[in-house]
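Thanks for sitting down with this model.

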Amino acid sequence: MAELLRGKAVSDSLSEKTSKKVNELKKRGIFPTLAIVRLGENPEDMAYERGAVKRAFELGITVRQFVYDAKISQRELVDEIVKLNDDEHIHGVLIFRPLPSHIDERVVCEVLAPEKDVDGITAGSMAGVFMDRDTGFPPCTAEACMELLEHYGCELEGKRMAVIGRSLVIGRPVAMMSMRKNATVTICHSRTREEDLRSIASTADIVIAAVGKSRMIKKDILGKNQIIVDVGINVDDDGRMCGDVDFDNAATAAAAITPVPGGVGSVTTAVLMKHVVEAAEK
Ligand code: NAP
């Protein structure tokens, strides 16, 4: 049976470092503050928000919640983001997405100042990730994958990595960050031929699954003794939370695997808090 790469140990270790930094900042009269921007009452957003508020409270980080009617106009929302940019007491801003369809998400994202973009949604943050520049922050989930691999001592240098999924939130930034650590990365997506997916996934040392399809990745397309990071958060037909990897099946051949729940997802909020503190330090 594979080693379980649990997120809690990673998140605890990150939180300990963040908490120390919060105390140091407070001694200098700086109170790290995160603004959460939510439109409407999406239960998933609200669940994530509750988790973030709880974690922030434990670490001594202030959270200010800005909740707007889902029918808010694009102009009004842009004006609100500009106010957050200008507010020197707010260090990081998290905007829940997707935004309602009458709002052009790209316009809103681009208004946010990259130095407050603690979840990597602006082009400035992406430039940081893709061009190795110190602007903005990587998307929290992508960085959570990297933190998890580092915590468990998974060396990336020279390793073959298969990233399944090419979204700007996970697949692409994970690939870039891994390449920076000298992994040899191949990205697969929905148009990758099935036989190619199989050969790439089965011969990789490390597989990152970020597809968004319940238990799609099974042992038959994987190799042996691999490290598997399952980013997926899905609900199966029985209403149970599950990942993109068929855990029970894949864990019998893998060297190490992240569980869902209890894997990458539990590291994401800790990374968000780390970013808020880094933004306050800057
Ligand atoms: P997304 O934007 O929908 O992207 C999914 C990616 O998977 C796309 O690049 C898509 O390819 C690719 N894909 C779809 N079907 C495929 C197939 N049959 N074979 C190979 N690739 C395929 O999703 P996301 O935002 O990246 O999220 C991915 C998963 O992570 C979801 O389950 C989401 O819930 C979860 N998630 C977890 C956290 C966390 O904290 N753990 C945070 C955010 C998201 P195309 O580009 O060709 O469409």
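Q: Why is Cys109 called buried?
A: Buried means under 20% relative accessible area, exposed over 50%, and partly exposed in between, using a 1.4 Å probe and protein chains only. Cys109 has 4% relative accessibility, so it counts as buried. Bear in mind that this is a predicted model, where local features need pLDDT of at least 70 and side-chain atom pairs count only at pLDDT 80 or more, while totals for chains, interfaces and linings use all residues. Residues are numbered from 1 along each chain as its sequence is written, and side-chain values use heavy atoms, with hydrogens and water left out.

Q: How do you know that Cys109 is too far from the closest cysteine sulfur for a bond?
A: A disulfide is a pair of cysteine sulfur atoms within 2.5 Å. The closest cysteine sulfur to that of Cys109 belongs to Cys140 and is 14 Å away, so the pair is too far apart for a bond. Cys140 is in no disulfide either, as its nearest cysteine sulfur, in Cys145, is 11 Å away. By this rule the count is zero disulfides.

Q: What makes Cys140 buried?
A: Its relative accessible area is 1%, so Cys140 is buried.

Q: Why is Thr122 called buried, and what does it touch?
A: Thr122 has a relative accessible area of 1%, so it is buried. Contact means heavy atoms within 4.5 Å. Leaving aside neighbours within four places in sequence, Thr122 is in contact with Cys109, Glu110, Leu112, Pro114 and Asp117.

Q: What makes the link between the side chains of Thr122 and Asp117 a polar contact?
A: A polar contact is a pair of N or O atoms within 3.5 Å; within protein, one must be able to donate a hydrogen and the other to accept it, and residues adjacent in sequence count only if both atoms are side-chain atoms. The side chains of Thr122 and Asp117 are joined at 2.7 Å, and this is a polar contact.

Q: Why is Thr33 called buried?
A: Thr33 has 6% relative accessibility, so it counts as buried. Its side chain reaches the backbone oxygen of His89 at 3.4 Å. Leaving aside neighbours within four places in sequence, Thr33 is in contact with residues including Thr62, Arg64, His89 and Val276.

Q: How do you know which residues belong to the "binding site"?
A: That comes from UniProt, where an unreviewed entry lists Gly165, Arg166, Ser167 and Ile233. Such annotations may be inferred rather than shown by experiment; UniProt positions are given in the numbering used here, and feature names are shortened. From this set, Arg166, Ser167 and Ile233 are in the lining of the largest pocket. On a 1 Å grid over the protein atoms alone, a pocket is an open set of points with protein on both sides within 12 Å along at least five of seven lines, a cavity is a set where a 1.4 Å probe fits but cannot get out, and lining residues have an atom within 4 Å of a point.

Q: Why is Arg166 called partly exposed, whereas Ile233 counts as exposed?
A: Arg166 has a relative accessible area of 39%, so it is partly exposed. Ile233 has 58% relative accessibility, so it counts as exposed. Leaving aside neighbours within four places in sequence, Ile233 is in contact with Met241 and Cys242, while the contacts of Arg166 include Gly171, Ile187 and His189.

Q: What surrounds the ligand?
A: A residue is near a molecule if one of its heavy atoms lies within 4 Å of it. There are 20 residues around the ligand, and the closest are Arg166, Ser167, Ser190, Ile233 and Thr268. An N or O atom in the side chain of Ser167 is 2.5 Å from a ligand oxygen. A ligand nitrogen lies 3.1 Å from a polar side-chain atom of Lys213, and a polar backbone atom of Val231 is 3.4 Å from a ligand nitrogen.

Q: What makes Asp132 and Asn182 stand out in their backbone?
A: Most residues other than glycine have a negative phi, and most peptide bonds are trans. Asp132 is not a glycine, yet its phi is positive at about 60°. Asn182 is not a glycine either, and its positive phi is about 70°. With 42% relative accessibility, Asn182 counts as partly exposed.

Q: Which peptide bonds are cis?
A: A cis peptide bond joins Arg97 and Pro98, with omega about 5°. Another joins Val260 and Pro261, with omega about 0°.
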